[in-house]
Amino acid sequence: MSGIRNFKLFSVLVLFTTLLLFSAAFSAPASALTEVEVNPVNTPDGAVVLIMDGLSAPFIYPELTPHALDGTTLEKARLENIPEIGKNSARIIEFRAPQTFTEGGHSVLFTGNPGADSEFVSFKDATIFDVLHSEGYLCIAVMEKGDFGPICAEQDAILRDEKNSIKNMEIVLEQYEHSQDNPVPSGLLQLMEEEADMAPGYVASKETGEKYSGYNRWGIEAACAVVEYMGKNRPGQKYLLTVNVGAIDMSGHYRGNYGYIDCIESLDSELLPLYKLCGKNNLAFVLTADHGMAFTADGSKGGHQSEKYSVSDEAQMVPLIVYAQDVESGVIRGEFGQEDFVPTLLGILDVPDRPRFAEGEQILLTKHVNLKVKLPEKGTVELRKDGKIIESAGNDDQFLFLGLEPDNSYTARAVLDSGESLEEKEKEVFLKTDSVIEFGSKGAETKESESSLDGTKEGISSAGVLGEGESIFGRNSRHLIGYFLIGAINLAGFFVIMKILNKQG
C-alpha cells in the first residue's frame, strides 16, 4: 500500500511539473532573428584574436620609431610575417591603451569601456563574450597572461597558465557552462587537455631565449590545433578564439630592449600557420596587444605600468591589424583607442549589438554597415531609402538588414501582426556605422539614446525603447487569451491533484 501511495504521489509531482513547464513555455515565447541581405556580405564564421602581451607598435610599424625615455632612438624588430599579413589587412596606426597594464588592457578590450577593470568584466552583458553568446557563438581561449577570474568565467573553455611562469609552466583547462543548448564539443575538450599536457616540453630548453620563444610557440600551436579541430569537426559552429601569448611582455621586463625585440622576432616567425588557417576557415584574424613597453635607456630593462613609463607612446601605442574577407586592406590613420576594439570586431562579424557599457566607436573597416530592428512582438518591417522600399521582412520580432551603404539615411517602418499600434510607426537613422533601432508598443515609456543623426556615437543604438508595463490590460488580445488558457490549465490541474490526494487519504 505504501508503494502505491508513493507512486501516486510521484505521478502528482510529474503532472504538476508538466503543467508548470507548459505554462512557462506558453507565456515566454523565444525571440527570433530574420537576416535580410540587402547587398552581398561575407560574414566570417568567427574570429581569432591574438593578443601579443606587451607589444609596442613603435617597435614593429614602419611609420613609427621607438625611443627610450632619455630620448635615445631604439632598434626596431626585423620582421617577415607581420608586414606580409599587414599587406592583406587593415592596419590602424594610432591605437592607444588608456590603461597600460595587463588587467586594464584586457578589461578595456573586451568591454569597450576605457575605465573598465576586472570587476567591470563580471557585470551582466558587459563584454563582447556576452554579446556573442547571445548570438550562438562559443567563446574559447588560450591565455598565458590576462587570465584573471572574470575573463576566465566568460569563456566556454579556456587553457590558462596557472602559475604564469616560464620556468614552471603549468597549463590547466577550465570549463564554464554558458548554454546547455550549445555545449563545448567533448573532442575539443580532449584536444585542449592534450595541449595542456604538452606545454612544459616547450620550455625545457636551458637557453633563455629559446625558453621565451617556446612559451609563445605553445600558445600559437595550441590555437592552431583548436582552429583545425573546429574546421574539421564543427564547421557550422561560430566561435571566438582569444589567444594571449605572454613572453614578449616578460622579455621586456627581464631581458632589456634587445631581448624584447628578439622575442618579437621569434614570435613573428611562428605566426603564418595561424593566419593561413584563419583564411582557410573563413575566420577573421586580429592581431593586437593589451599594452606596450617602454625603456629608460638603450640596454635597460623595460616597464609600462608606473607613471614614468605609462605616459610614453611606447607604453600606450599598440598594434591593431585586422584581416577578413570583407575588410579593406590599407593603413588607417586617425586617433583610436582600445575602447573602439569591441564595436569594431562586432562590426566585422556583422553583429550590430554592443556590450552594455561600451563607449567606444566602430572603426568601419568594410564597405557596408548593418541595421538591426527590434519589435516588441512579431511583425513586419519595411526598410526604405530615398522614399523607396528596398527590403521588407515579416513574421518575426528581430530583423538584421545586412550590406547597407554607409553615410546614407534609411527609414524603418514597422507594423505588428497583432494590429496593436506602435509608439512610432517609423524611425529614420543616418548610418555611418552599424546601429540598432527598437520600436515600442503605443503607451510604453520611451527613452531615446544617442542618435546617429547627430554624428556622435553613431555605432551605438540609434533608438531605444523600454518594454511594456506589467499591467495585463496594456497587452494585446493574443497575450490576454494566452493568460486565460494558462490560468484554466493550472486551475484544472489543481483540482485533479486535490482529487488524487483525497483518494489517498
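Predicted model: local features only at pLDDT ≥ 70, side-chain atom pairs only at ≥ 80, totals over all residues.
Nine strands form an open sheet with mixed pairing, in the order β6-β5-β4-β7-β2-β8-β11-β3-β12. The edges are taken by β6 (171-175) and β12 (330-337); each has a single partner strand, so one side of each lacks a neighbour in the sheet. From one strand to the next, the twist averages 15°. Strands of a sheet pair through backbone hydrogen bonds, in either the parallel or the antiparallel sense. An antiparallel example is the pairing of β3 (residues 90-96) with β11 (residues 320-323), which are joined by three bridges. Within this pair, Ala-90 lies opposite Val-322 of β11.

On one hand, β4 pairs with β7 (residues 239-245) in the parallel sense over six bridges, with Val-142 standing opposite Val-243 in β7. On the other, β4 pairs with β5 (residues 157-161), again in the parallel sense, over four bridges. Here Met-143 has Arg-160 of β5 as its bridge partner.

Helix α3 (residues 102-111) touches β2 (46-52), β4 and β7, and its direction makes about 160° with that of β2. Helix α7 also packs on the sheet, where it touches β4, β5 and β6; the direction of α7 makes about 5° with that of β5.

Helix α7 (residues 186-198) has a helix partner too. Its axis and that of α8 (residues 208-233) come within 10 Å and cross at roughly 160°. This angle makes α7 roughly antiparallel to α8. The crossing of α7 over α8 is right-handed. On the α7 side, the contact involves Gly-187, Leu-188, Leu-191, Met-192 and Glu-195, which meet Trp-218, Glu-221, Ala-222, Ala-225, Val-226, Tyr-229 and Met-230 in α8. Sorted by class, the contact between these helices has nine nonpolar, one polar and two charged residues. An α-helix has 3.6 residues a turn, so residues three or four places apart point the same way.

Just after α13, the backbone at Asp-350 adopts a positive phi of about 60°.

Asp-125, which is not a glycine, has a positive phi near 60°. Asp-125 sits in the loop between α4 (118-121) and α5 (128-134), and is partly exposed, with a relative accessible area of 39%. Asn-395 likewise is not a glycine and has a positive phi of about 60°. Asn-395, however, belongs to strand β14 (residues 388-404). With a relative accessibility of 54%, Asn-395 counts as exposed.

Technical notes
Residues numbered from 1 in each chain as written. Heavy atoms only, no water. Pairing = 2+ DSSP bridges. Helix = DSSP H or I, 4+ residues; strand = E, 2+ residues; numbered from the N terminus. Axes fitted to C-alpha atoms, helices over the stretch in contact; angles between N-to-C directions. Parallel < 35°, antiparallel > 145°, perpendicular 65-115°, else oblique. Left-handed = near helix turned anticlockwise from the far one by under 90°. Contact = heavy atoms within 4.5 Å. Nonpolar A, V, L, I, M, F, W, Y, C, P; charged D, E, K, R; others polar. Buried < 20%, exposed > 50% of the residue type's maximum accessible area, 1.4 Å probe, protein only.
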